[in-house]
Every structure is written in structure tokens, then in C-alpha cells.
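Work through the exercises below with the sequence and the 3D view open. Try each task before you read its solution.

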Amino acid sequence: MKKRITACFLALIFLIGCLACAQPQTQQSTQVTSSPELTDAPAATDAPAEPEPAAPETVSFTDSIGRTVTVPAKIEKIAVSGPLAQIVLFALCPDKFVGIANAWDVSAAQFLTAEYYNLPELGQFYGGKGELNLETLLASGAQVVIDVGEPKDSAVSDLDALQEQTGLPFVHVSASIATMGDAYRKLGELLGLEDEAETLAAYCDDTYARTQSIAQSVEKANLLYITGDQGLNVIAQNSYHAEIIDLLSNNLAVVDDPSSKGTGNEVDMEQILKWNPDVILFAPGSIYATVADDPVWQQVTAIKNGAYYEVPQGPYNWMGFPPSVQRYLGMMWMAQLLYPETAQYDLYAETANYFKMFYHCDLTQEQFDALVQNSIGNQPAA
């Protein structure tokens, strides 16, 4: 009996020993069988990873007049060609301004913060109040100079010459009252501000479309827009400055050679009496305040019936001069002034929204009332 137990015990020990010896081989076989892909993997090395290519420092930009200009890939500092571009770009990127073309209108002080209102003046290179100061421009740190608006016939050669003279890129972005949305999209592409530009572009598109709808649904008023301290200049039909006037009224000022200047075309009183408008809009600084007591002007139907108004001013003339994006304010004001039954919107709310988006300020009801105080109607003469 003892011999049988001893034999079984020895057999058990022998079996355990065999299993112990076989176990490592089984594990090794399992690892190889379950992960065959490891046999093809390259051996690990300590070589450094390939560096990512550096971002380009410059890019090519094709402006609205077909010029391909090399500009910085990231633009942080801009200069503007004149007040029209100044107003357009201030809405999009005020923090990128290194200066302004010329001083803001004094009325802007109540709307703009001091840092923007007191920016250094660089001058402008088309007409207006002064020439571009190249020395100041070069010292400003501007990376690009932007021109916005209606291109002059000589725009290509003018900008090429300035670019060669200064070593700075000059670009032109065309803009009219109908294409301001696309102008903002173009500027957003240039400045890397596509989302911000699209917000402004959509606003312009929507406001213009609404105004077109109003204009197409009414019988248009026979109207003159009069400028000048003698009241003997008119904004002529088909001029760049007359875009809103032509859209929303029957502009009676038909002349042989419409002026491209904001002062308009000079005429005489005899011609104004012949046109005999039903409505007159007087530019700020014209003779709005005196016509009621002038016997000659009292012969004009608009004056006789009290249908004459002064265009709101602040920070700029809402109808133009310069003919920039603030004309969307004039568009909304003029549509409601002439066709209140059709243009049924809250003009204060619309104006406050514009000031928030384009001037970055909150417009109070009191400020609004002051802006439109001479544009809400007059009493007919006795």
C-alpha cells in the first residue's frame, strides 16, 4: 500500500514539473500567434519629428481693379486713403488703424471713444482736404494702405506709383451703395476678418434690399437735393453721390455733366424754379434755415407746402459727402420721410442698431432726436 502511494506521489510531482517547464513555451507561442503584425513593425528610433512648414509671411491679394498685390499674411496695422475708406473700415477693424485720413467731424466726439477720435492724421490721396503725408505714413507702421469707393480712371497707375514710391502695398476695394456688402466681404478676405465682415455685409445687403422693395412699391416724389451756402448746387441724377436720391425719388436734377464731387453741380434760381420740386432736401450747412422767409424760394412748391428738410449730420452727413457706408442711415431716413406708410419701422431703433455696428457706440434717444430735429416736417407758409 505504501509503495502504491509513494508511486502516485512521485508521478504527481513529475507531472507538475513537466507543466512548469512547458508554461513559458506556451506563453511565448501565444504572444507570437496573437500579434503577428508586430513582426513587421519598424524598429523604434530616436530621430526627431519633421518640423511643420512655417506659415507664409506674405500672400497675394487681387484687388477690385485687377491688381495683384503682395500683402502681409497677417495684417495688424492699416492706413486708409481717405474719409470714405475711413468710415467703411472703422466699422470692421477700428483697432487696426494707425491713423485717419483726416479729422473726424466735430460731431463725432460724442459718439467715438477718445482713442479713436484722436488718432493722428495721415492725409488723403484723392481730392478733399489735404494730400497724403508720405513721411507720416511711413512712420506710422502701417502694413497696407486701403482705398475704398468708386475707382478713379487713373486708379491703377496712381496706386502702382504710390506703392513703388513708399514700398507699401496699396489696394483698392470698389464699393457702391448696391455693392457695399461685397466690398465688406473683400475687405474681410484681405484682413482675415471674414466672420466680422460677413455680419456687416449681410446688414448692408438686407437694408438695401428692403429699401429697393419700398422704392418699387411707391409713386416716387419729385425731389431736389440742394447743397452749398447759397443753395444753388444740386446733386445731379446719375452721379455717384446721387445713388440714394435716384433710388428713392424722381431726381429732377438732370444736367449734361453730373459732377463727381460732393458739392454737386452749380445751377441758378431760374433752373430751380423750372424744376419746381415737390420735396427738397437741404444738405447740412446749406440754406434750410432761411428759405421760409425768402420770397423767391416761396415760389417753389416744396417750400410753399413745407415739404423741405435738412439732412441729418452726425458724425457725417447721412446722405453722403463722403459717399460712404453712412448713406445706409440716409437710405433708412429718406425712405421713411417720404413714404411713412410703406417704411413702417422704428427709425430710432434702426439708427441705434447702425451706430452700434458701425460706430461701436450706444446711441441714446436724446442724441437721435437732436440728429433728426430738422427732418421731421415743417409748417406750410401762411
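**Exercise 1. A loop residue**

Is Y316 buried or exposed? Find where Y316 sits and what surrounds it.

Solution. 
- Start with the ground rules. This is a predicted model, in which local features need pLDDT of at least 70 and side-chain atom pairs count only at pLDDT 80 or more, while totals for chains, interfaces and linings use all residues. Residues are numbered from 1 along each chain as its sequence is written, and side-chain values use heavy atoms, with hydrogens and water left out.
- Now the place. Y316 lies in the loop between β11 and α11. Helices (H or I, at least four residues) and strands (E, at least two) are DSSP runs, numbered from the N terminus.
- Then the accessibility. Y316 has a relative accessible area of 9%. Buried means under 20%, exposed over 50%, and partly exposed in between, with a 1.4 Å probe and protein chains only. Y316 is therefore buried.
- Last, the surroundings. Contact means heavy atoms within 4.5 Å. Leaving out residues up to four places away in sequence, Y316 touches Q86, I87, A103, W104, D105, F321, P322 and Q326.

**Exercise 2. A helix and its partner**

Describe α11, then how α11 packs with α12.

Solution. 
- Take the span. α11 (residues 327-338) has 12 residues and reaches 16 Å from its first C-alpha to its last. That is close to the 16 Å expected at 1.5 Å a residue. The expected span is 1.5 Å times one less than the number of residues.
- Check the cover. In α11, 12 of its 12 residues are buried. Among them are R327, W333 and Q336.
- Take the angle. α11 and α12 (residues 347-358) pack at about 175°, with their axes 10 Å apart. Axes are lines fitted to C-alpha atoms, for helices over the stretch in contact, and angles run from 0 to 180 degrees between N-to-C directions.
- Classify the angle. The two helices, α11 and α12, are therefore roughly antiparallel to each other; that class means angles over 145 degrees, against under 35 for roughly parallel, 65 to 115 for roughly perpendicular and oblique for the rest.
- List the contact. α11 gives Y328, L329, M332, W333 and Q336, and α12 gives L347, E350, T351, Y354 and F355.

**Exercise 3. A strand with two partners**

Which strands pair with β10, and in which sense?

Solution. 
- Two strands pair if DSSP finds at least two bridges between them.
- β6 (residues 221-227) and β10 are joined by 4 bridges and run parallel. Here I280 is the bridge partner of L224.
- β10 and β11 (residues 308-310) are joined by 3 bridges, again parallel. F282 stands opposite E310 in β11.
- Now the side chains of β10 (residues 279-282). V279 and L281 point one way, I280 and F282 the other, and all are buried.

**Exercise 4. A sheet and a hairpin**

What is the strand order of the open sheet of 3 strands? Then inspect the hairpin of β1 and β2.

Solution. 
- The order is β3-β4-β5, with parallel pairing. β3 (78-80) and β5 (170-174) are the edge strands, each pairing on one side only.
- β4 (residues 144-149) and β5 share 5 bridges. I146 has V171 as its bridge partner in β5.
- α6 (residues 180-191) packs on this sheet and touches β3, β4 and β5. The direction of α6 makes about 155° with that of β5.
- Turn to the hairpin. β1 (residues 58-62) and β2 (residues 68-72) run antiparallel, joined by 5 bridges. T62 stands opposite T68.
- The hairpin has 5 residues between the strands, and G66 takes a positive phi near 85°.
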